[in-house]
Each structure stands twice: as C-alpha cells, then as structure tokens.
Amino acid sequence: MNLPNVRHAPLNAPSQRNLRHSKGMAPTTLTFVGAAGTVTGSKHLLTVDSPRGERRILIDSGLYQGEKKLRRKNWSDFPVPADSISDILLTHAHLDHVGYLPRLVKQGFSGTIWATPSTIDLAHIVLRDSAYLQERDAEHARTYGYSKHRRPLPLYTVNDVEDTLPLMRAVDFDADIDVGGQVSAHWTRAGHILGSASIRVHTPGGDALFSGDLGRPTHPVLRSREIPEGAPTVLLESTYGDREHFETDPGHEKHEVFRDAICRTIDRGGSVLVPAFAVDRTEVVLKVLSDMVAAGQIPSVPIYVDSPMALASLRLYQAVSARGELNDEVGGLKLSNLNLIEVRDQEQSQKLNDPKEPSIIVSASGMLTGGRVLHHIEHMLPQAIHTVVLTGYQAVGTRGRALLDGARELKMHGAWVSVQAEVIRDEEFSVHADCSELVDWVRDLVPQPRSVWCVHGEDKAAQALVESLDQELGVRARVAVPEKTIELKK
C-alpha cells in the first residue's frame, strides 16, 4: 500500500519525512483508504508534517457494506497503527462513514473524534445498534450453524462502542476548529442527513475539501445544503454521478409510484413493506406518507415503524428544531395525522411477519443487509398480495440490489426464499445529489479546485462524473484509486 512510513514502524522512530525537516516541511499527503471504486467504507487518511512532527488525521471511518469481498475488508487491520492516528473528522453518521470507529478503538485509537452535535447524537444511536446487531447475528450463526467459522464473532461489541463514544467532541457549523499542529477544519452544512457536513481541512502543506455525502438543493425535512469555501484539492462523492434523478412531468404528482402501489396493495388485502435506512430515510418516508394522507391520496391504515434505531432517530429529528436544522418552509416533521404505531419489542415485531390487516411497515435496513426487516421480508416475499417498496440506493451485493435487478429468490438465514410479492422502486426518495447537482456544487466553489477526486461511487458512476466535470467545467477530475496516495497543494 502506498502509504508514508513503514507500516508498523515504532512511533518514536525518525521517519524519512521527519529527517527532511532540515530541508523544509515535507508535503501533506492524502491516502484513499476506503470508498474508492466503491460506495461504502469511507476513510481518507491525511499525513501532515507540522512543527511538532508527523500527524495522521482520518476523515470518516466507515464500514464496507454490500459484496462479501468488501465486507471482509472490515476485518483487516488498518493500514497504519490505529494509535498513530491523532484525530478523526466525521462528515455524518451513516454507518458507511462512522461504523468502523469502534474497530479502530479496539485496535488502539484513543484520539479525538470531531463532529457536529447532531452527528454525535446520531452516531450514538447508529453505533450501539450496529454492535447489538453484530453480536446478535454472531450468536444466531453459532446457534444455527450457517457460518463457515467454528466460532463466529462480531466485528466489535457494545463495550467497544461504549469505549468509543467518550472520544467524540462537538463542533459547530461554520466555525474554524483548531485541530492542533497548525491544522484546522471547517464544517459546512451538506443537507444530506441531520448534522451532515462537508469538511474543509487546512494544513501547512495544503488544503483539501471533503464533500461527504451531498444532499439535493432542497431536502424534504432539513435545511438545504450550503456551499463551502473551495480548496485546491476536492474529494467529491459520486454515488449518483452517472444519472439524473427522476423529474416529474407537468401534472405528474410526486411519489405517484409509491402512492399507487399502496392503494392497489391495500385493495387486494395485502401490506406494504418499506425497507428504509433508519437515519433520515425513515423520516422522509413518514413525511411523504403524512402528506399523502392529508391530501386523501391513500387510505389511513396502520403504519408501523419497526426499528429501534429508526425510532430513536425519529425522536432526535423531532427534537432538533432549536438547532435550526429543519426546513421551516415544509413545516418540519409533523406526523400527527398518521396512525403511527411504534414497534418496541420482538413479540410485536414478529406479529408483523404475517400482517392480519392491510398496513404499511417501515423497517430497517434500507438495503436489506440486516435488522428486523429481514424477518418481515422472509415471510412476506412468498405472498403475492404484498408489496416491497425500495426507496434508496442499493449497493452491489446486497439483497436490495438483487430485488432491484429482478431476482426471483433471495437467500435468507441460510435458505432460499421465493419472490412472489410485487417489488417496486420509488426513485424520488433519494437525498443524494445527482450528476447535475454534483457538478453545480463544484461550479459554485470559490476558489475553483485544481483537482477533483471522485470517491464514494461505483466505477461507472465515478467515471461518468469525471467526464461531466471535464466537459462542463473544464476541471481536472479523476477517479480515486484504492490505496493511492496523493500530495496536497497550496
């Protein structure tokens, strides 16, 4: 791997970079540790020479999700000793940006984790849920013997998460934070999920701007994204770099596909299962359902939210109005007109596997990679009266992607399940910027970047965004290569 210093050199040993101090400051380097050539596993490692010596700073620390070959990387040792990293800067609290934190702490990281207050609040929820599910899944695999490992273990435990959370320190939007060693960082609202930000990092060797996940110009619930100060080097997410979001024709109502699916499913006596990301997607789905009920577009049926993490996230979204993070133009997140039922215990959740009356079930995870939704889909997929509505990006290798691609059976808990239920996709739920919206974000940066590296996207999407940036803005853009190290410029 093309990283500065010998991989496991003693931390007090003089490196080649430190030996060059007499000749002047060594360059600041950036290594694409994760989310290069793929959507998940976001990790970008800065190595900075400062007057006090070399420092390593990590931007995001996410889990790989999707294909097995990617998930296996979560078990690999980090490419530099975890205790050599001084700080971690978080863009937002989705699992593919924060889910590796307890693993790093388990390996020896004890520095500071910097993030906005809402990102910290959500990270508490996300990480505790992640550890619980991993412990439960490991136990389930041991009990039923469908793991190839003699003694399946979780990637990390709830105790590892509790060791991680005290390391978090809150930062405000639009404030310069001194990270130490002549390094500072600035968080700008990204409009993707609650607390999400783009981060501009200043170092003695050069500056870089990390887009994080960018929202669309207008979010259904949150305040819109803002434009940060530009930097010579920009890392730009490219999840939807090869497509434009669905644009409605004149007279065509938003979420018409979702609305029609609900109506015909209820008419035939079935229920609608909505796999949804627990953070932000659940809130947006409920807001859309509330608007539909208010407009008389769908019947008022029981709406179950069956995800402890989604319920905790929902409470947080409803409590943050004092922070000024909600979109006041759409009235925030008011759901009082819904027949909303919060599913708290396992017994109540199990009853939803075979709904006795037409209903709508919103459950995590959104890509069908884990959580209570797996039990619902295992029981509901073989029944043609039900409908599954996919509401977001489905990574390669996930069950959600298999359904999206037309799979006629899914492997669930070691057995194959027939797909007889109706499966649809509502493309209008995405709060990821599409190609044009990503290009517009770069266009508005002042100063304009000298180079843009497209990360957090599949190769096809990232390459398409590179071509769009070149053709429309004349910006030098490239697709980030896994494990590649570049130098930052002033």
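In which helix is D160 found? D160 is found in helix α6, residues 158-164.

**Figure 1. Overall view of the predicted protein.** This is a predicted model, in which local features need pLDDT of at least 70 and side-chain atom pairs count only at pLDDT 80 or more, while totals for chains, interfaces and linings use all residues. Residues are numbered from 1 along each chain as its sequence is written, and side-chain values use heavy atoms, with hydrogens and water left out. The protein has 14 helices and 22 strands; these are DSSP runs numbered from the N terminus, helices being H or I of at least four residues and strands E of at least two. The C-alpha trace spans about 80 × 55 × 40 Å along its principal axes. The radius of gyration is 23 Å, which agrees with the value near 23 Å for a compact globule of 490 residues; this radius is taken over C-alpha atoms, and the globule rule is 2.2 Å times the number of residues to the power 0.38. Of the 490 residues, 58% are buried (under 20% relative accessible area, with a 1.4 Å probe and protein chains only).

Figure 2. D160 counts as buried because its relative accessibility is 12%. Leaving aside residues up to four places away in sequence, D160 touches P102 and K106, where contact means heavy atoms within 4.5 Å.

**Figure 3. F109 and the largest nonpolar core.** A nonpolar core is a set of buried Ala, Val, Leu, Ile, Met, Phe, Trp, Tyr and Cys residues joined through side-chain atoms within 4.5 Å. The largest has 74 residues, and F109 is one of those that touch the most other members, as are I88, L104, F258, I262, L289 and I360. With residues up to four places away in sequence not counted, the contacts of F109 include A82, I85, I88, L104 and L167, and also D83 and D87. A second, separate core of 27 residues includes V171, F173, A185 and W453. In soluble globular proteins, nonpolar side chains tend to be buried together.

**Figure 4. L333 in the loop between α9 and β14.** The loop that holds L333 runs between α9 (308-319) and β14 (340-342). L333 counts as buried because its relative accessibility is 10%. Its contacts, not counting residues up to four places away in sequence, are V221, E283, K287, L314, Y317, Q318 and L326. From C-alpha to C-alpha, L333 lies 33 Å from G397, and the two are 64 residues apart in sequence.

Technical notes
Buried means under 20% relative accessible area, exposed over 50%, partly exposed in between (1.4 Å probe, protein chains only).
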